[in-house]
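Please look through the sequence and the model below before reading on. The paragraphs that follow go first to a ligand and its surroundings, and then to a single residue.

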Protein chains: 6
Amino acid sequence: DFMNALEEVHPAFGVSEEELQQVIQNGIIHFDTVVDEILRSGQLLVEQVKSSTRTPLVSVLLHGPPGAGKTALGASIAQASQFPFIKLISPDSMVGFSESQKVAAITKVFADSYKSPLSVVVVDNIERLIDWTPMGARFSNAVLQTLLVLLGKRPPKGRRLLIIATSSTRSILSDIGLSDTFDSEMRVPPIANLTALEYVLREVELFPSSDERREAIHMLKEAGFAGSDDLSSRLSIGIKKLLSMIEMARQEPDNVGQRLTGALIGLGM
Amino acid sequence: DFMNALEEVHPAFGVSEEELQQVIQNGIIHFDTVVDEILRSGQLLVEQVKSSTRTPLVSVLLHGPPGAGKTALGASIAQASQFPFIKLISPDSMVGFSESQKVAAITKVFADSYKSPLSVVVVDNIERLIDWTPMGARFSNAVLQTLLVLLGKRPPKGRRLLIIATSSTRSILSDIGLSDTFDSEMRVPPIANLTALEYVLREVELFPSSDERREAIHMLKEAGFAGSDDLSSRLSIGIKKLLSMIEMARQEPDNVGQRLTGALIGLGM
Amino acid sequence: DFMNALEEVHPAFGVSEEELQQVIQNGIIHFDTVVDEILRSGQLLVEQVKSSTRTPLVSVLLHGPPGAGKTALGASIAQASQFPFIKLISPDSMVGFSESQKVAAITKVFADSYKSPLSVVVVDNIERLIDWTPMGARFSNAVLQTLLVLLGKRPPKGRRLLIIATSSTRSILSDIGLSDTFDSEMRVPPIANLTALEYVLREVELFPSSDERREAIHMLKEAGFAGSDDLSSRLSIGIKKLLSMIEMARQEPDNVGQRLTGALIGLGM
Amino acid sequence: DFMNALEEVHPAFGVSEEELQQVIQNGIIHFDTVVDEILRSGQLLVEQVKSSTRTPLVSVLLHGPPGAGKTALGASIAQASQFPFIKLISPDSMVGFSESQKVAAITKVFADSYKSPLSVVVVDNIERLIDWTPMGARFSNAVLQTLLVLLGKRPPKGRRLLIIATSSTRSILSDIGLSDTFDSEMRVPPIANLTALEYVLREVELFPSSDERREAIHMLKEAGFAGSDDLSSRLSIGIKKLLSMIEMARQEPDNVGQRLTGALIGLGM
Amino acid sequence: DFMNALEEVHPAFGVSEEELQQVIQNGIIHFDTVVDEILRSGQLLVEQVKSSTRTPLVSVLLHGPPGAGKTALGASIAQASQFPFIKLISPDSMVGFSESQKVAAITKVFADSYKSPLSVVVVDNIERLIDWTPMGARFSNAVLQTLLVLLGKRPPKGRRLLIIATSSTRSILSDIGLSDTFDSEMRVPPIANLTALEYVLREVELFPSSDERREAIHMLKEAGFAGSDDLSSRLSIGIKKLLSMIEMARQEPDNVGQRLTGALIGLGM
Amino acid sequence: DFMNALEEVHPAFGVSEEELQQVIQNGIIHFDTVVDEILRSGQLLVEQVKSSTRTPLVSVLLHGPPGAGKTALGASIAQASQFPFIKLISPDSMVGFSESQKVAAITKVFADSYKSPLSVVVVDNIERLIDWTPMGARFSNAVLQTLLVLLGKRPPKGRRLLIIATSSTRSILSDIGLSDTFDSEMRVPPIANLTALEYVLREVELFPSSDERREAIHMLKEAGFAGSDDLSSRLSIGIKKLLSMIEMARQEPDNVGQRLTGALIGLGM
Ligand SMILES: Nc1ncnc2c1ncn2[C@@H]1O[C@H](COP(=O)(O)OP(=O)(O)OP(=O)(O)O)[C@@H](O)[C@H]1O
Ligand SMILES: Nc1ncnc2c1ncn2[C@@H]1O[C@H](COP(=O)(O)OP(=O)(O)OP(=O)(O)O)[C@@H](O)[C@H]1O
Ligand SMILES: Nc1ncnc2c1ncn2[C@@H]1O[C@H](COP(=O)(O)OP(=O)(O)OP(=O)(O)O)[C@@H](O)[C@H]1O
Ligand SMILES: Nc1ncnc2c1ncn2[C@@H]1O[C@H](COP(=O)(O)OP(=O)(O)OP(=O)(O)O)[C@@H](O)[C@H]1O
Ligand SMILES: Nc1ncnc2c1ncn2[C@@H]1O[C@H](COP(=O)(O)OP(=O)(O)OP(=O)(O)O)[C@@H](O)[C@H]1O
Ligand SMILES: Nc1ncnc2c1ncn2[C@@H]1O[C@H](COP(=O)(O)OP(=O)(O)OP(=O)(O)O)[C@@H](O)[C@H]1O
Ligand SMILES: [Mg+2]
Ligand SMILES: [Mg+2]
Ligand SMILES: [Mg+2]
Ligand SMILES: [Mg+2]
Ligand SMILES: [Mg+2]
Ligand SMILES: [Mg+2]
């Protein structure tokens, strides 16, 4: 079954440039120093894989709340490596796959990576890859076991591999014994203060003038979203959802500020 | 298996006009301002999908008690968009499908939508699509995982998609991790006061004269169904069931008022 | 699988006269006014389906203790409708069917009904159709989901359908979310007083003379089966079992009264 | 699957004389009046099936502790009926059958019985037919559902059927909803007093003389096995196990009494 | 499936001499009188099967701690019977069999035995045959049900069968309803006192002289392994493990005594 | 199914030199006397298998925390035996195998080993072989049962086998009844004191001079990692992870000491 499934998957070498582009379509906004730290740590891991002779396998987990930017950052690190083999393993391209087709597709990417001297594999959204659902704690054990082995399996002699995984449910990963297999972890945080928020608003040029932007920020401050003081701040939103809200606000040009702050307040923050 | 299943489903482009008509057969009665608000919010979402370049995917959940009119309202918004691709994913057309046939049929509609520059997909009655049953908390994880991915998956470059989902069991959706995937939500309420009820009765011309209608309303007020005062009111009925009761009452022309009020009281309201 | 299963089931149009006869073989004894009320309410539903343009689908649930006469009454209402399409969906004709064969057979009857302008479908013994067993609360979710959809699905334009379902386990139906789908419900009660019992005994001519019958009733009254007083009465027996006991008693012609009262007392009533 | 399975089972009409003989190989010893009562009640049921026109289906459950003689008594009643169709449905002839093969085999016997004007079907050892195991309360729901329907399904017009079922786990049957389907029940008791035991010993001629037999009984009385006094008696053994013990004792001709009483005492009675 | 599986198993008649030899390779050491009692009781059962006409089926369960010698003793009894058909049903020869292959293989052995006038079937290690695991209390119900029937099924007329089963988990057998099916049971005890231990050591000639042996025993006595006094004794080891320890100790000829006593003490006894 | 699966696995005799090399790629560093003790005990077991005539099967379990070096040590012992047949059963070479393929592959290795007079089979990472996951306590019972039998099954006459198994979850093995099957066990400890750590650092020549090394050790001592005093020491790291950290530190030549100690402190030790 698996063997057949394996054959159905056609060979795929090289770099899936297009897929990587798709997930960082909206670019990376450097709203916080942590964004740069993550990118730089990623670069160091890339270096280690390149130069060390004793650690042919290095793996890292990017975790954080939904929409925090995990996939975009993971893809950015991968793309920046300029390794000859870069692949994205994503639930988006496995819709409707059976368990064994998923296992085959995942195994295929790793098998291909073992043929390149230097590779990056992005294992995106692990909880979705394993079909996790909190109700009844169901998941695909076949996919999980495949990941448990592949995330820890050394590539053959002369091959080196960087694995970048992402997940929004870090605690589940540790309950199922997956988090132990990573060499390191990095947390991708949500936007949680007004300074970062203002930075984003400036970058996307939502407001025609900086006065209007500052006014909107002021409104939020008044409403209790104090950016500098962690205790009083109620702000916590993933960059992904924020960018979506910004687009909705843009729909009513006369009313941009009110719509955005309304939406943020409505979020229950 | 899935691959075979996928092929069995024939291609289907364009707009399923007939299906949409079928679910709004009895029209939309504007018994409350919330009805208009829902339709207008829907229109704004349609606009956002049309004009924004950064949010090619917008999704909304219509939730509310059984028979509140979720499907009819969702279909109305879809129809009003006049997008070139409008499709209804409904349990009604999947009776007896196996898990993989369901997954294939759902995947097919989304795959088709990705070929149109502008699309609306109505994902009707999610709890039924996933074969949900409260006893033993059973459901199809394969269908759920398919929805979890497809509701959050961006269409390819140059394509834009509005997803309108409906459900009577919002709390279940959040237990299974589905509600996080929506950009926004709207509640479709039942008829819950005598003013709204009277409005409906007038529209459907159940009573030959307005005097008789008012008399029936009066009977309900006496019986404790006070429309204006929320505390004492016991009225809460979906428009769908109300329309059905009205038809039953029509069966005995001499006795319309009594049959209707009897049925409403019998409902235990 | 389902598709194959569907084909194995041959087309079946029209009225299954024989099957209907089989379940009302022993006739309907009017031992209580409630029997007539049920039949008359059934007739009204038949009328509604015939005349209303807005409610092409009407469904009713007949529930009550085992052997109360649900199937016989449901079949009687169906037969009296004189609709061109009348079908019985019964576990008796699905012995040994797999889940998908059951789903196919049920779906087939509904699909056929959609071809007739006016139809009655009797969905008999729902708990058995879904393979319900209290131990471990097991049941066929595939059959359940099929019923959940079909019981609420409108027939196509120009077609009208009356669904009459029966069940001995009403509380289970509501636990699995099935009872919400019915437009109305009727309770079929057991024989619970001596007047009704005496009526039945007269009808079936168990005793050669009315004196002997009255004597038997007297014996039961003495034994605490007081029909008029609900508190002291211990009588509660389905018409089906009562008719069977009557036949056993008939075996010993000299001893009819004693055998019957003995059996009733032995029932622990 | 079921349909194929059904065909694999070859037609079988008539009476399975040999099988019936096999289960009553050691005859019926009338150690207690209850044995005769069971046989006579069985005969009455046979009469009812033969003569009544309104109860074409009669079913009875023989239940009691393991080895009490349920199968032998059920087979005796069946054999005595002299009906043209008598069949035994027994786990012994279904070793290694899959669920659907079991369902097919059971269904086949009933289907065959419907072709004979008068039939007896012995459904032996229900808990084993449904693959019951107390650990985890596992059983075959497919077989159970088949029995639930077949035990209550009326034979076609002009056919009459007596069903005799046996079980050692009556309480399980009622937990799974099976016991409600029987028209009547009879308890087959174990040997529980010294009079009955002595009767058996005499019948099987274990002891060369009645003196020796009486001595053995005396030994048991001394040991606290007082037959007449229920309180002090610890005797409770199925006829099947008793006959086996008797054979073991026979192995040492010089020591028959001591071996038998030793074995009975060792039983922890 | 089962039918196919059955055919894959080739016919096997006669006595599996080699297999029997394999399991009693290291002989039987008569370290305790209970060893002889077990062998003699086994012989009596063999006699009963041979001579009695009413008990064509006799079954016995040998149970005891892991490695106590159950298989070796069971095989010895079987071999000593000199019956024309002697077979061992052992998990060792069913590695990797599917459920239905196991069922087929077991059924085959019994079916073959029914062709011989006199047979012994050794059903070895029941908990392993049914794939028992304590975690989650999992096991193969198909194999269990097969055993439940076959252990109690009478061979056909003129055939006689002795069944010898072994198990280390007697309490599980009774939880799953298997222990009731045996006619008798015998407990195979571990070595639990120094006298028995010394007997074994002498038989296997571990020590060059009896002085050295006695010294080793003395060391154990000092360490609290007092053989005669049950309270202080901590000795309890299966003959199988003891023989293995003896071999390990033999590896260091200069140090035999210390290694053996060290190992025994290390066992936590 | 299993039979087919078995054939798909091609014959493999001899020694899998390459695989063994792969797992001890980084050599064995003798950082503690326990390392030598494990290797020497392994050697003794090899001797026992070679010389004893009564124990053709010897099995040992190497257990300890993740990354402690279990696989490398097991492979070293196997390699040192110089037996003609040495094989590694590892999850790494069974990615994506179905249950029956795993069972077949494992069975194959053992079947092959039975053809060699002297064999070592390394059963690596048992919890992964059985697809163990703590959530829901899921695992493959088919693989477990295969191991339960094969770990205790004697090779045929004239063949001798040493089984070396490894596991990080010893307590799970005992919960599922696997730990009883081993003749002996050895614990592979993590690095838990500064002396051992310093030994490793010297061996891998991380620091250019011994002064710098000592300084780093000093930093750790200051930070509370006191190697000699168990109470205050917080050091506990598998050799595998330590070697990986050392490589990361090597990336920044100017900063080796700080990066390493930072990483160790960051480990939460
Ligand atoms: N600093 C940033 N980090 C990450 N993404 C950013 C950043 N700035 C802008 N973005 C944009 O925000 C979006 C982040 O979405 P992304 O899918 O990466 O989030 P995610 O955490 O993976 O979400 P999910 O939890 O749904 O998987 C992308 O469109 C990306 O281009
Ligand atoms: N204001 C309204 N909103 C929605 N439906 C209306 C309204 N007025 C009249 N209707 C009619 O009421 C019916 C609503 O039924 P609909 O199937 O949409 O409800 P639903 O909430 O989807 O029910 P269910 O919970 O069973 O899925 C339709 O026939 C529709 O034509
Ligand atoms: N008033 C009555 N109502 C219903 N059935 C009656 C009545 N009088 C006589 N009968 C006869 O009683 C029997 C009722 O059996 P029926 O199978 O309809 O009961 P049921 O409630 O469906 O039983 P079950 O719970 O087993 O499905 C039929 O044979 C019918 O002819
Ligand atoms: N009075 C009796 N009643 C029943 N069987 C008797 C009687 N006297 C002797 N026998 C013999 O005793 C044996 C009873 O065994 P039988 O298999 O019928 O018991 P059972 O209750 O069906 O056992 P199980 O619980 O194992 O199914 C038969 O061999 C039968 O010939
Ligand atoms: N008195 C004895 N009884 C049984 N076996 C003995 C005896 N003396 C020596 N032996 C030897 O001891 C070993 C007992 O192992 P055996 O496999 O029979 O034990 P077991 O209880 O079946 O083990 P397991 O619980 O693993 O199935 C055999 O090699 C047998 O030759
Ligand atoms: N003393 C030692 N013992 C074992 N391995 C050592 C030792 N010194 C160095 N090593 C190296 O350390 C690594 C140990 O990794 P290994 O895979 O054997 O650990 P493990 O305990 O099997 O890990 P896991 O729990 O992930 O299976 C190997 O690369 C080995 O070469
Ligand atoms: Mg992501
Ligand atoms: Mg709806
Ligand atoms: Mg009925
Ligand atoms: Mg029986
Ligand atoms: Mg054994
Ligand atoms: Mg390892």
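In this predicted model, ligand 3 is surrounded by 19 residues, and the closest of these are C:Gly27, C:Ile29, C:Gly69, C:Lys70 and C:Thr71. Sorted by class, the shell around ligand 3 is made up of 11 nonpolar, 6 polar and 2 charged residues.

A backbone N or O atom of C:Gly69 lies 2.7 Å from an oxygen atom of ligand 3, while an N or O atom in the side chain of C:Lys70 is 2.6 Å from an oxygen atom of the ligand, and for the side chain of C:Lys240 the corresponding distance is 2.9 Å. Of the 630 Å² of accessible area that ligand 3 has on its own, the protein covers 91%.

Two elements of chain C, helix 4 (70-81) and helix 11 (239-250), are those that give two or more residues to the shell around ligand 3, and helix 4 supplies the largest share, with 4 residues. Because domain 1 (2-187) and domain 2 (194-266) of chain C both give residues to this shell, ligand 3 lies between them.

Leaving aside residues up to four places away in sequence, C:Leu88 touches C:Ser16, C:Glu19, C:Val23, C:Val122 and C:Asp124. C:Leu88 and C:Val120, which are 32 residues apart in sequence, are 8.6 Å apart in space, C-alpha to C-alpha.

Conventions. Residues are numbered from 1 along each chain as its sequence is written. Chains are lettered from A and ligands numbered from 1 in the order in which they are written. This is a predicted model: local features need pLDDT of at least 70, side-chain atom pairs count only at pLDDT 80 or more; totals for chains, interfaces and linings use all residues. Side-chain values use heavy atoms; hydrogens and water are left out. A residue is near a molecule or strand if one of its heavy atoms lies within 4 Å of it. A polar contact is a pair of N or O atoms within 3.5 Å; within protein, one must be able to donate a hydrogen and the other to accept it, and residues adjacent in sequence count only if both atoms are side-chain atoms. Accessible areas come from the Shrake-Rupley method with a 1.4 Å probe; for residues, only the protein chains shown count as cover. Ala, Val, Leu, Ile, Met, Phe, Trp, Tyr, Cys and Pro count as nonpolar, Asp, Glu, Lys and Arg as charged, and the others, Gly among them, as polar. Domain bounds come from an automatic or database domain assignment. Contact means heavy atoms within 4.5 Å.
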